[in-house]
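Biologist: Please take a close look at a single residue in this model. Tell me about its setting, then step back to the whole.

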Amino acid sequence: MGHADLYRKRLNILFEIMEGSSNVPNFGKKQICHDFIFGRCTGGAKCKGIHSTMPYQWEVENGRGWSRIPDNEGIERDYCDPAKTQSSGIPPVNFITMTRGHRKVHRLATVSSLDQPDAVLATKWTWYWEEKHDGWTPYLSPTEEDLERVFKDPSRGSVIEFNAGRFTYEVNLEVMIQINTSSHTQRLVRRRPMFKSSIDVQRATGTSNTTTSSVPPFWDQSRLPGIGFERVMLPNSATEYKDIKALFDKTTVGFNIRTIERVQNPALWKFYVLQRDQMESLRTSINEKQLFHGTDSKHVDSICRNNFDWRLCGTNGTSFGKGWMPV
């Protein structure tokens, strides 16, 4: 092994220590309320858990606190793959340093399945060791439960010793390294959760027949407000972003897009669907168009919450009628 390879390996091991050590501060100590996902939390504002419709939530530090990252499910899918050290979005989330660009990132989750094995959407952790060429193998012996118990309870120590064939190994959970006690070969160790998609969550909560039909399937299911709306920032790598940008560039010149946000207002969406269905029942076809509306920034939240008020239209033109904002 050359000096460059040895340096890279040691650097990776250092980063893995940052990822897995129980001595590193855990920015995601707050847990997601398991009961809220099922719609049965009775704590309300007094509930100490985080209210989310998904069993995981990725957040980035914004200088004033923590804000949700739009591609929550996509980041989680990448994180659950032990071979990946960062997400595929732009900018990516670095899973080793837990950063997104220069900002800190943390992951909130439901209670561990080790603590509440009967909780359907509890977080189940899987342990892997790096075999070779970025191949990751889940542990069978010691079991994942054995590793998880020691990891969560520092009083048990930080090293587990086990035999595999004629070799003896030590797994050091403080530095996340597996060591062959004879050859002293070191392998990286990773701890990643089992992936649950929004469809998996809907099936578990019994909402798979209604949730997808009540709002568009491409909405961020973890950010569906009970009342009001959520503005979800779209990454410029998303297909939805590219489609809107292409439509905007096709109809305007001399403008630069800074950000694109999706407005998620379930009440307005349902009202829009009702109006559309009524029109379709009266006509053989309807001429539905996607249009842009210019307005003063001070009116944005009001429009997102209450829709357009056609009685106030006219400041920036109403060439195509009153308009409607479903999303």
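Modeller: Glu-230 is partly exposed, with a relative accessible area of 24%. The model is a predicted one. Why not buried? Buried means under 20% relative accessible area, and exposed means over 50%, so the 24% of Glu-230 puts this residue in between.

Now its place in the fold. Glu-230 sits in strand E11, which covers residues 230–233. The protein has 9 helices and 12 strands.

Next, the neighbours. Leaving aside residues up to four places away in sequence, Glu-230 touches Arg-68, Arg-223, Pro-225, Arg-262, Val-263 and Gln-264. Take Arg-223 from that list. Its side chain and that of Glu-230 are joined by a polar contact of 3.0 Å. Then take Arg-262, also in the list. Arg-262 is 32 residues from Glu-230 along the chain, and their C-alpha atoms are 8.1 Å apart.

Contacts across the whole protein come next. Count those between residues at least 6 apart in sequence: 55% of them join residues at least 24 apart. As for burial, 33% of the 327 residues count as buried. The protein exposes about 20300 Å², and carbon and sulfur atoms supply 51% of that area.

Last, the empty space inside. Rolling a probe the size of a water molecule over the atoms shows where such space is left. The structure holds 1 cavity of 30 Å³ or more. The volume of the largest cavity is about 60 Å³. Its lining has 13 residues, with Tyr-56, Arg-107, Thr-123, Met-194 and Lys-196 nearest the centre. By class, the lining has 7 nonpolar, 2 polar and 4 charged residues.

Terms used:
Residues numbered from 1 in each chain as written. Predicted model: local features only at pLDDT ≥ 70, side-chain atom pairs only at ≥ 80, totals over all residues. Heavy atoms only, no water. 1 Å grid on protein atoms, 1.4 Å probe; cavity = no way out; pocket = protein on both sides within 12 Å on 5 of 7 lines; lining within 4 Å. Points joined across faces, edges and corners; volume = space filled by probe spheres on them. Nonpolar A, V, L, I, M, F, W, Y, C, P; charged D, E, K, R; others polar. Helix = DSSP H or I, 4+ residues; strand = E, 2+ residues; numbered from the N terminus. Buried < 20%, exposed > 50% of the residue type's maximum accessible area, 1.4 Å probe, protein only. Contact = heavy atoms within 4.5 Å. Areas by Shrake-Rupley, 256 points an atom, 1.4 Å probe, with all protein chains shown as cover. Polar contact = N/O pair within 3.5 Å; in protein donor to acceptor, adjacent residues only side chain to side chain.
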